[in-house]
Amino acid sequence: MFHMLVSIVTFANLGRKTNLKTPDILPVINAFARRKILSQVICQINSGFYFKETYSSMPVWVRYPFRAFEFFTRIQIPRRITEACFDIITARLITRSDYCILHGGYSLPRTFRKLRAAGSVLIDLAVVAHLKTNSLLEKEEIDYLGFPEFQGTYSSLANEVSHDNDFNYVIALSDFVKESYIRSGFPAERIYTAYPDIDIERFKPTLHKSPGVFEVVYVAYTTPLKGLHYLITAWNELALHDAKLTIVGGNGPVPLHYMKHLRMNTDRTVVWEESSSEPEKFYRNADVLVFPSLTEGFGRVTLEAMACGIPVITTENARGIVEEGKTGFVVPIRDVAALKDKIAYLYANREAMIEMGKQARLAVVNKKPFGEAVYEIYQEIRKREGL
């Protein structure tokens with residue numbers, strides 16, 4: 001059987017250095033490399049990665065000046081600048097392949113144009129909801145919070161990016177992402193869904209958890225779109241006895257005084273923790289994860305918590321593989337009353353909560369491996385292309 005060649009472009013670090021993107025794309029790279037149809041990988045930093053034809057698009061002559069600037073000026077270079085540099089270098093490094101998977105392709109316009117001109121079939125591994133959807137949600141939330149001076153992240157992106165509907169195919173990381181693309185005009189028959197993996201050996205239940213204080217955990221790099229303000233409102237109104245809310249993580253771009261306002265409106269039942277390289281210890285100490293996000297590409301924290309054997313309360317836009325009433329609860333976005341109702345239910349029904357946690361773990365363990373799911377979609381795309 002004649003095999004077509006596939007290239008992959010990703011913002012992940014590969015080899016000895018890794019980043020948050022690495023675990024998402026590594027199974028995909030492995031699946032295609034194992035079948036000997038992978039022709040080229042372009043990543044952010046390549047530090048001894050096993051696949052020979054792997055190239056770094058942020059080499060030392062780019063990274064070190066950036067780091068020196070940030071060190072001496074104490075000014076962080078905006079992500080959009082580093083993404084633009086990545087795109088410029090990638091467009092020079094990339095060679096034509098029959099198929100190219102772009103991991104977060106909305107931020108790679110130059111690379112997209114070069115490959116389109118060369119006739120490659122372009123597949124976007126969509127890591128966030130369609131920019132029009134995110135822009136609308138962000139504007140609504142800024143208006144609701146009353147921070148007109150805050151420009152947000154997605155509005156300007158949505159105006160600048162013009163190729164997100166022009167990919168040949170899209171592989172969405174969640175049903176919500178898929179639906180957002182369809183609503184924005186992308187052909188439904190050209191979009192597929194595959195769910196990322198989690199390290200089930202790292203994220204696993206604690207063997208001897210002691211009963212005691214009912215603990216809710218929230219884990220996120222907080223922006224207004226994470227919905228933390230709705231959770232805090234729900235928590236304050238519940239006023240549960242012998243209960244604790246642990247908030248884990250730093251914050252991204254936020255309106256002026258947003259985090260200060262949230263902290264001022266919490267009492268001693270709320271514990272604030274900094275970002276952690278070991279989020280699993282918070283899941284294992286908790287009874288339930290509440291993740292009230294308004295938009296997610298794929299809420300990795302929901303999968304991590306489920307793998308640790310605790311149920312998840314999340315929104316319809318961040319549900320991932322959460323199954324209503326079996327592994328957790330799915331509520332509408334911005335719905336404080338629904339958050340209160342589901343938290344109160346688990347607080348009052350500990351046996352049901354424990355059973356949901358067991359089912360959550362099983363759901364993660366039995367999920368189709370991400371790399372294999374993407375490879376199967378690639379095979380389906382080949383059939384559609386008549387190849």
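In what order do the seven strands of the open sheet stand, and is the pairing parallel or antiparallel?

Analyst: This is a predicted model, in which local features need pLDDT of at least 70 and side-chain atom pairs count only at pLDDT 80 or more, while totals for chains, interfaces and linings use all residues. Residues are numbered from 1 along each chain as its sequence is written, and side-chain values use heavy atoms, with hydrogens and water left out.

The seven strands form an open sheet in the order β5-β3-β1-β6-β7-β8-β9, and their pairing is parallel. Helices (H or I, at least four residues) and strands (E, at least two) are DSSP runs, numbered from the N terminus; two strands pair if DSSP finds at least two bridges between them. The edges are held by β5 (54-56) and β9 (191-193); each has a single partner strand, so one side of each is left without a neighbour in the sheet. On average, neighbouring strands of this sheet are turned by 20 degrees against each other, direction ignored.

Contact itself means heavy atoms within 4.5 Å.

Helix α3 (residues 79-93) also packs against helix α4 (residues 109-118), at an angle of about 20 degrees and with the axes 7 Å apart. That angle makes α3 roughly parallel to α4 (under 35 degrees counts as roughly parallel, over 145 as roughly antiparallel, 65 to 115 as roughly perpendicular and the rest as oblique). On the α3 side, the contact is made by Ala84, Asp87, Ile88, Thr90, Ala91 and Arg92; α4 contributes Pro109, Arg110, Thr111 and Lys114. These residues divide into four nonpolar, two polar and four charged, where Ala, Val, Leu, Ile, Met, Phe, Trp, Tyr, Cys and Pro count as nonpolar, Asp, Glu, Lys and Arg as charged, and the others, Gly among them, as polar.

Notes:
Axes are lines fitted to C-alpha atoms, for helices over the stretch in contact, and angles run from 0 to 180 degrees between N-to-C directions.
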